Amino acid sequence: MTDELVSEEENRRAHARMSLRRDPEQPLVLACDGIPARLVKLHWFRDKVLGLGSLKDVSVGGCGLISAAPIEMDSQVQLEVGELSLPCRVVRKVPVQGALHFYGLRWEAMEQTQLLALYSAISRLKSMREGR
């Protein structure tokens, strides 16, 4: 993403985001950091795992992640982080490289207790990643 695109994005954000990357200045193409997540599409008979992703940032309004999962704009998906399963809608899709895309997800129905549980799960997963 270019600096112009990032600046434009920052100006229209409704909520401040918390980066989950070790080095937010590193280009997304090279970013191997983040928190592991799984993207799932709910079905009445059996849920379908769309793929894995790497959570790059999170806010009260939603999150951003990189994934090779083929997801269409405005799709409703479940984001699984640790034991949490959170309903989201795809509001942004930007190609990164090859099959990788950066997805912007907006929480569909996020309660304060769920948000606190998400931050707790992220903190726990970050500590595990860093060997604490």
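Val 58 stands opposite Cys 63 in S4.

First, the conventions. This is a predicted model, in which local features need pLDDT of at least 70 and side-chain atom pairs count only at pLDDT 80 or more, while totals for chains, interfaces and linings use all residues. Residues are numbered from 1 along each chain as its sequence is written, and side-chain values use heavy atoms, with hydrogens and water left out.

On confidence: pLDDT is the predictor's confidence in each residue, from 0 to 100. The protein chain averages 78, and 71% of the residues score at least 70. Residues 1–8 have a pLDDT below 50, and this stretch has 6 contacts in the model beyond near neighbours in sequence; contact means heavy atoms within 4.5 Å. Where pLDDT is low, the predicted coordinates should not be read in detail.

Back to the strands. Helices (H or I, at least four residues) and strands (E, at least two) are DSSP runs, numbered from the N terminus. Two strands pair if DSSP finds at least two bridges between them. S3 and S4 (residues 62–67) run antiparallel and are joined by 5 bridges. The hairpin from S3 to S4 passes through 3 residues. On the other pairing, S2 (residues 35–41) and S3 (residues 48–58) are antiparallel over 7 bridges. Here Pro 36 has Ser 54 in S3 as its bridge partner. S2 and S3 also make a hairpin, with 6 residues between them.

Now the charged side chains. Side chains of opposite charge can pair when their charged atoms come close. The criterion for a salt bridge is a side-chain nitrogen of Lys or Arg within 4 Å of a carboxyl oxygen of Asp or Glu. The whole structure contains 4 of them. One of these is between Arg 38 and Glu 80, at 2.8 Å from N to O. Arg 38 is in strand S2 and Glu 80 in strand S5 (residues 76–81), so this pair ties together parts 42 residues apart in sequence.

For accessibility, buried means under 20% relative accessible area, exposed over 50%, and partly exposed in between, with a 1.4 Å probe and protein chains only. Arg 38 is partly exposed at 34%.

Which residues are linked in a network of salt bridges? They are Asp 74, Arg 89, Arg 106 and Glu 108. Asp 74 and Arg 89 meet at 3.5 Å, N to O. Asp 74 sits in the loop between S4 and S5 and Arg 89 in strand S6 (residues 84–97), 15 residues apart. Asp 74 is exposed at 51%, whereas Arg 89 is buried at 18%.

Arg 89 also forms a salt bridge with Glu 108, where the closest N and O atoms are 3.3 Å apart. Glu 108 lies in the loop between strand S7 (100–107) and helix H2 (112–129), and Arg 89 in S6, so the pair ties together parts 19 residues apart in sequence. Glu 108 is partly exposed, at 29%.

Last, Ser 75. This residue is in the loop between S4 and S5. Is Ser 75 buried or exposed? At 17% relative accessibility, Ser 75 counts as buried. The Ser 75 side chain reaches the backbone oxygen of Glu 72 at 2.7 Å. Leaving aside neighbours within four places in sequence, Ser 75 is in contact with Cys 88, Arg 89 and Val 90.

Methods
Polar contact = N/O pair within 3.5 Å; in protein donor to acceptor, adjacent residues only side chain to side chain.
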